[in-house]
Amino acid sequence: MAGTAAGIDRLTGRAAEIDSPAKLATLLEEHDYLADEGLATAAFLALRMGRPLFLEGEAGVGKTELAKTLASILDAPLIRLQCYEGLDAAQALYDWDFARQLLHLKAAEAAGVTDVRALEGEIYDRRFLVARPLLRALETWPCVLLVDEVDRADDEFEAFLLEVLSDFTISVPELGTIRAETPPVVVVTSNRTREVHEALKRRCLYHWIEHPAFEREVAILLRRLPACTEELAAEVADAAGRLRRADLVKPPGVAETLDWTEALLTLGAARLDPGLAAVTLGALLKYREDQETVWRDGLLGAASPGGGGGGGGRA
Amino acid sequence: MPELRGGGTGDDRAALVSTLTGFARTLRAAGVAADHQRTQGFLAALRELDVRERRDVYWAGRLTLCSGPDDLDRYDRCFAAYFGGERPGPAHRVPAVTVTRFVARPGDTGDQDERHEADAAAATASEIEVLRHRDVARMTAAERREVARLLGMLRSAREQRRSRRRAPSHRGALDGRGTVREAVRRGGEPARLRFRDRKEKPRRVVMLVDVSGSMAAYADTLLRFAHALVRAEPRATEVFSVGTRLTRVTAELRHRDPAVAMDAVSAAIPDWSGGTRLGEELKELLRLSDVRGAIVVIASDGWERGDASLLGRQMERLSRLAHRVIWVNPHKGDPAYRPLTAGMRAALPHITDFVAGHSLAAYEELARLLGEGGSRPGGHAVRAAGDAVRAGDGIPAGDGRGMPDA
C-alpha cells in the first residue's frame, strides 16, 4: 500500500468501507456527530483524495469535533497541533534532543573520539530527533492530524505548513528528507480572524460550516444528552436560533447550546423556565453585553423572566 | 486514474470535462479564483462522486473551487446560472468584508443633518475627480500639494513589540541546537553556549478613516497618511474606510506611487460623502478583524448618525482588545473646539490619545505617537489641543522631525 501519495490504495480497514458521503454521514452519526450533506461530502473527499480539509466557520460549530470523530471512526490516533503566535519549527515539526546529544558528545570525548565528521554522523541520528506533531503525523499511520486555529499562528508558520501539506515531507538539514509513506488525514481549522494564505488553501478542500438548522440542532442535543427531553431540546434550539439572528457580540455555537442544556439538565430542568434560564445563561453567552441585550430585548421569549430577574427557583 | 463515474463513452467524457471546465471559467469570470490547479481538483473530486448527481457536482465544485466565505454566494449564483435550476446549496449567512449597510435616510436622528445624503451612491469616475480636487480645509492648492508630497515622504517608525519568535542573540534562552553544533566543531567540548532571544516585531496598526460628508475636507489627506503607514509597514498595517459601510482598502494602498494608490482607493470606496454609522462599523470591524494588541487609529469627527450608546459600547470593547486607541479629530486643531457631539462624548472615555489631524504638524505628531513604544500612557491621557504642536518646535517643513529613524 505504500507508493501512491493519494488514492484508494491507502484506505484499509474501516476507511475502505466508506464508499459514499452518505455512508460516512452514517458512521459519523454512529459516533454522535451529526453532519449535514456538505460536511459529509467534504470529509468523504478528504479521505478519498488524500487532501487536507480546511474548515472555517464561527467558533463552536464543531470544526475540532469533526477531526476527533473522524479519528475515532478510522480507529486512528488524533495528533493535534494547536496554533498560536510564534509557533515555530522546533515546536511544530521536530527538535533535536540537545541534552542527549551533549551527553553523547561527552561520552565520545571520554572514549577519545575527536573526528568532527564521525561525531556529526553520530549525533545527528534519527534517535536524537524529537518528533513534534507534524513529523509525528507523517510517521504514524493511520492517523488524523488536526491543525487547530491556524489563523492564530503567524504567516512564517504557514510556510512550514504549506511545505508539509504539499508533499507530506519534512526536510531535516542534518538528516535528509522524511516522507510519509501514506499521508495522514488532515483537518485544518480557522476562525477567520486573519486571512490564511491562498497557496495553503489551494492545497485543501475548503468548507464553511454553518450553524445547524433547528431540526439538526434538536437532533444533536437529543443525541449528545440522553437525559434531555424533546421539549427542552426544541426550546433550547429555538432560543439559540433566535440569539444567532440577534445582534450579539458572540452568537452561541452548538458547543455553547450543549453546555447550556447540560447546565439546565444538571439543575433538573425538563422545560426551559425563566428562573433556570437566568441562572444558567452564562453557559450560553460569554459576554456581559450579550446577556444584557438578551434581557433587554426579551430574546429568550417565554423564558424571559418577567421583571424579576434571576432569583426564581424551580417549582 | 478512475474515470468519472457515469461518464459513458470517450466522447461523452470529453464533453463532460469541457462542461465542467467551462463552469470553472464562468466562476473565474465572476471573480472566484478557480484556477487550473483548483479545476483539476474539481475533476478529481468528481471521480470520487457521481457526476450525474447534481448535488455531487455542486459540492465537489464548492469544496475545491472556493476559498473563502465571500466566494460561496458567487458560487451558488454561478452554479444556478450555469447548470440551471434552483440554487442548490443551503442558505448561508457569511460575513463579507464589504457589507452594504443603511444609506442615510431623511429623518434620521443623527447628530447633524447631512446635506450629502443623495451622494451616498457608488463611486463614479467624476467622484474620483472630485476627490482629487477635494478641498483640504483652509489650505491653498499649493499648500495641499506640498502636504501631499510631504505625507508621501513621511517615514513613520513603528512601535515595536516582543514577538514570540526567537533568533540567535547574546542573551535569552539557551540554544540547544547552536550549542551542540558548536560543541561538535570543537571536537565534543560544549565550551561555548549559544542563546536565542525573542525578536522585536512592529506592532500592528489598524486605521479607520471616516469618509463621510462632514470629513470630506480631510479624507484625502488622511488616506495619504494611511498610505505612508502601509508603505512603511505593509505587513503590520490595515486600513479601512468607514462611512455607511466598512471597506478594507489595505490592498489598494500598497502601491508605491501615492497617486496610483489614491486612485485605487477612490474606486474601491463606494460611500464617499455619506453619513457615518461608526458604532455599526466598529462592530463589523471587531467581528472580522483581529485588533488584539494592535494600535487602533480612528480618524473621524465623531458626528455619529446612528446610536451613540452603541458607539460607546463598541469603543469600550475596542479599548479592551486593542493595545492603544488613538482618535484623530481634525476639528480638535481649533482651540475653541469642545468634544460636544454625542458620538465624541460616548467615545472619549475609551480613548488612549486624542489628537488633532488638521495640519502637517498634527500628522507628524500622530506618526510620532505610532512610533512611541514602551509604557502605555496612564489612564486616558487626553492631550490638550496645544500639545500637538509643541512650543519652540515650529512647523517642521518636512525635515522628518518627529519621525525617529529606526
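Predicted model: local features only at pLDDT ≥ 70, side-chain atom pairs only at ≥ 80, totals over all residues.
Strand β8 of chain A covers residues 185-190, and because six of its six residues are buried, the strand is largely enclosed by the rest of the structure. In a regular strand the side chains alternate between the two faces of the sheet. Both faces of β8(A) are covered, with A:Val185, A:Val187 and A:Thr189 buried on one side, while A:Val186, A:Val188 and A:Ser190 are buried on the other.

Strand β1 of chain A, residues 53-56, runs parallel to β8(A) and is joined to it by four bridges. Strand β5 of chain A, residues 144-148, also pairs with β8(A) in the parallel sense, over four bridges, and here A:Val144 stands opposite A:Val185.

In chain B, an open sheet of three strands has the order β1-β3-β2, and its pairing is antiparallel. The edge strands of this sheet are β1 (160-169) and β2 (173-174) of chain B, each of which pairs on one side only. Strand β3 of chain B, residues 195-202, pairs with β1(B) in the antiparallel sense over seven bridges, and within β3(B) the bridge partner of B:Ala167 is B:Asp197.

| Strand pair | Sense | Bridges |
|---|---|---|
| β1(A) and β8(A) | parallel | four bridges |
| β5(A) and β8(A) | parallel | four bridges |
| β1(B) and β3(B) | antiparallel | seven bridges |

Conventions: Residues numbered from 1 in each chain as written. Chains lettered and ligands numbered in written order. Buried ≥ 20, exposed ≤ 12 C-beta atoms within 10 Å, placed from the backbone. Helix = DSSP H or I, 4+ residues; strand = E, 2+ residues; numbered from the N terminus. Pairing = 2+ DSSP bridges.
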